[in-house]
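Please keep the sequence and the model in view while reading.

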Amino acid sequence: MKQFRTELRPALAGIIAIVALAVGVTPGSALPEASPVTPALVEAARKEGKVVFYTAVDVEVAEKVGAAFRAKYPGIEIQVERSGSERLFQRVTQEYGSSIHNVDVINTSDAAHYILWKRQGLLAPHVPEDVAKHFGDNADPDGLYATWRATLSPLAYNTKFIKPGEAPKSFADLLDPKWKGLMVKAHPGYSGTILTATAQISRELGWDYLRKLGQQRVMQVQSSTEPPKKLAVGERPIMADGNEYNLFTLKEAGNPVEIVYPAEGTPFIPSPSAVMAKAPNPNAARLLQSFLFSAEMQQLLVDAGGLRSLHPATKEPAGRKPLKEIKLMRDDPAAVVDKVEEIKANYAKAFGT
Amino acid sequence: MSSAEALAAPGAAPARFGPSSRVDLSGLVLIACGLFLAALVGLPLAWLAWYALTDKDGALTFANIARLVTDETLAAPLKVSLIVATSVGLISAAVAAPIAWLVARTNMPGRNLVRVLITASFVTPPFLGAIAWEILAAPNSGLLNHWYRWLHGLPPFVHLFDIYTVTGLIFVDSCYAFPFVFVLVANALDRMPGDMEDASAILGARPWRTAWRITLPLALPAILAGMLVAFLRSLTLFGTPAILALPGNFHTITTKIWSLFQYPPNPGLAAAASIPLLLLTILLLQVQSRVLGRRGYTVIGGKASPPRLLHLKLWRWPALALCMLVLCLPIVLPYFALLKAAVTTTIAEPISADTLTLKHVRFVLFEFSPTRLAFQNTVILAVATATAGTALALVVAYATARKLVTGHRALDFLATAPIAVPGIVLGVGLFLAYTRGPVVLYGTLWILFLAYLTIELPAAYQQLQSAFQSVHPELEEAARLSGAGRMRTLRDILAPLLKSGVLAAWCFIFIGVMRELSAAVMLFTAQTKVISVVIYDLNESGDLGAISVLGIALLAVTFAIVYVAQKVGGGLARTARPA
């Protein structure tokens, strides 16, 4: 029984969460008790005076989150460290390997990280009230992490160069020789979004598809936030992968970009956040984690960040296709967690870097 | 001078300098410096060797080394690096030597302007230049390609340049490597006496023939030395290939080493991949000293008659135009691109009243949280490294120039050896050395300080050693005879005389630290980020506007501090002289 708890439970929880997500049912609240934001917590956080937030969200969104936290809790300095998910994961590994406990709250777009960290006992349980109420399906049953934000990795094109009728409609369309040299994509060695997307695409379409894509002379950038930007400035007219939220914000700012949800299904990328067990500022860390899941912050992610929120109180702006109308690929971090090296090696073979 | 003469006068205040009144600390200081240097250079390299040659259980293995040859994903980057570095060496020499000749040996107008612009390209961090060239010559969004299409009425996606290629990498590398060749060749030509050229002219050779048959062969050692420096710079460069090669789906050996450190990290293989880089650098430096002799390059002889300037007549203006055209590539165009990216919303837009924005400036200065911490770290490190590095180089150069201790050869070797260690390799070595006991420095500014100190020491040391050689030992002997200890002689006699050399060494280290990326990118943590790493991070998410603002700010801060240092240092030198 003990064996079951420690080894199989994360996997099982993952599967339950996925099934729940796919079917849309709530498996009852198995979460530990919620810890509300009490004046005592705020006071304790203020005594610590500081909180360090490692996040993989786009740098401008990250700074907006920081500014919102500062405005809500003056007197607590928030240090925002933005980098790619895989880079952050490496950073934490490197820092913890040298007993440097610097990070309080962490957010990456590779849900498999949380399974690994949970195994290693690096995460502290903390269930914000909003998580207890609304995130039952999208939270770790032991209360160690929950999906702070989500995005998709769709296709996209620049409308200045490609007419809507001619744009690729599926992943398979990208293999058309006429798009050779005209695509941009991000790198799974840097971006958790792209690692997750690559895992899903290789599962659904096979590595053969990615090997063929590798023959199309695709421009390779690092962060999943960059392909939308390269698309907007016209460096390449087609985006083969990259995140949806930068496309939303760019499009809504008047840039000539258009999103395509591919026929085979669009990779769905949940991006959890968690409090570290060895957080140097444990109270401020809990306060930040609670703040991250509040309705106001979740709405800010949607409005200013173009992200998908799993908080039911958030409202999607007009013009964005609702999540339930999009055919999604299934996210399965439990299946990815031990295959990371294999995915990266296969990718390097297909694309050269 | 007057103080030295006073000291030299027999019986001048012997009581104050009585030999027995103070212990001569110099021996201790020298031993301490020697041990420190040995640890500084030796420790990271020893760890590197250990990781390359052992497996997880600590048993000896050659598996990592073998993979260098058998694994195509390692062999290919090495080949690319060699192709790039060789091309950069040749191109740099071909471009820099003629310009150096025009500046040093002809009456071309605007020679000082050319020198100033080349200094500016020397101060520009290569990674910043690479980002600027992305803005200029990315195949579709690049400004130059835009203009090209617009000029010829061409459809989209037709392009003249593609910067994300091996050729593009060679080009950008050369832009920031050729100043090294220029400085060496121009210095050699400045110092080269005009006698032989005069003789050639008297014997009836026309000016061009003299230049070709006399000046060129005399400058050849300097050109070869410059070529080698450019080759090594390019071989060990990290930022430029990381920015330009990865989008083009290829690796160089430095980006490969760095990728081996990403998750799942493979330090053994990273260490093994560093070894060819290290060996090749050592080998080439050996060859250089064999070919050029122990005295190094550029030393050609005493000054007999000042060099004669060749009158270019009508060719003066085309020559200047050519120089300016070349200097557009590392300086004028890139800075134009960065400025444009800094003040427009996206780089695709033309500059107009509608597109002008302070958004990026505001973001970097007020919203982007790493800005302040990173600038603070960078400046602290640059000032500390420049100060400590100059002091260390001064002591070691003194000991070796004056052959004070029996082990001075070893000191000389230790202070020069880091030149053979590429920044990224040193970064790997330092990380391996200082992330576990007994001394854990990773996560502090100290590990970056050690990295910078090691990287910058050889240049400062060489600078100061040649400065020492220009001061005759008789002045110090006079002081010692009058009873001053070695440390006091160093402080009171030599230091004032060496002020300009010291100042130059300080500025050299300072600039070097401000633009260093390759070691920092291996060693930083969130609390110890430096500006170069912040810029590099922003580049990975494509935030060109913010990068441009940070890059321009970095240059402004560098120039401001160098300017203040010159003022303060110059002031000290002036007040020191009459005393």
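Among the elements of chain B, helix 1 (residues 2-8) of chain B has the lowest mean pLDDT, 39, whereas helix 6 (residues 126-137) of chain B has the highest, 95; pLDDT is the predictor's confidence in each residue, from 0 to 100. Helices (H or I, at least four residues) and strands (E, at least two) are DSSP runs, numbered from the N terminus. This is a predicted model, in which local features need pLDDT of at least 70 and side-chain atom pairs count only at pLDDT 80 or more, while totals for chains, interfaces and linings use all residues. Residues are numbered from 1 along each chain as its sequence is written, and chains are lettered from A and ligands numbered from 1 in the order in which they are written.

For chain B the mean pLDDT is 84, with 91% of its residues reaching 70 or more. Over residues 294-303 of chain B the pLDDT is below 50, and this stretch has 18 contacts in the model beyond near neighbours in sequence. Two residues are in contact if their C-beta atoms, placed from the backbone, lie within 7 Å. Residues 573-579 of chain B also stay under 50 in pLDDT, and the model has six contacts for them beyond four places in sequence. Where pLDDT is low, the predicted coordinates should not be read in detail. The model scores are ipTM 0.84 and pTM 0.86.

Between the chains, 36 residues of chain B are in contact with 43 residues of chain A. On the side of chain B that touches chain A, helix 24 (residues 531-540) of chain B gives the most, with three residues. That side of chain B comprises 17 nonpolar, 15 polar and four charged residues. Here Ala, Val, Leu, Ile, Met, Phe, Trp, Tyr, Cys and Pro count as nonpolar, Asp, Glu, Lys and Arg as charged, and the others, Gly among them, as polar.

Chain A is divided into domain 1 (30-150 + 270-320) and domain 2 (152-267 + 340-351), with bounds from an automatic or database domain assignment. The C-alpha centres of these two domains of chain A lie 28 Å apart. Their contact takes 15 residues from domain 1 of chain A and 15 residues from domain 2 of chain A. Helix 4 (residues 85-97) of chain A supplies the largest share of the domain 1 side, three residues.

In chain A, five strands form an open sheet of mixed pairing, in the order 8-7-9-6-10; two strands pair if DSSP finds at least two bridges between them. Strand 8 (219-220) and strand 10 (257-260) of chain A are the edge strands, each pairing on one side only. Strand 7 (residues 183-185) and strand 9 (residues 238-239) of chain A run parallel and are joined by two bridges. A:V184 has A:M239 as its bridge partner in strand 9 of chain A.

Elsewhere in chain A, strand 5 (residues 145-152) runs antiparallel to strand 11 (residues 266-276), with seven bridges joining them. A:Y145 stands opposite A:A274 in strand 11 of chain A.

Two residues remain to be considered for their backbone. Most residues other than glycine have a negative phi, and most peptide bonds are trans. A:S99, however, has a positive phi near 55°, and lies in the loop between helix 4 and strand 3 (105-107) of chain A. B:F157 has a positive phi near 75°, and lies in the loop between helix 7 (143-152) and helix 8 (166-191) of chain B.
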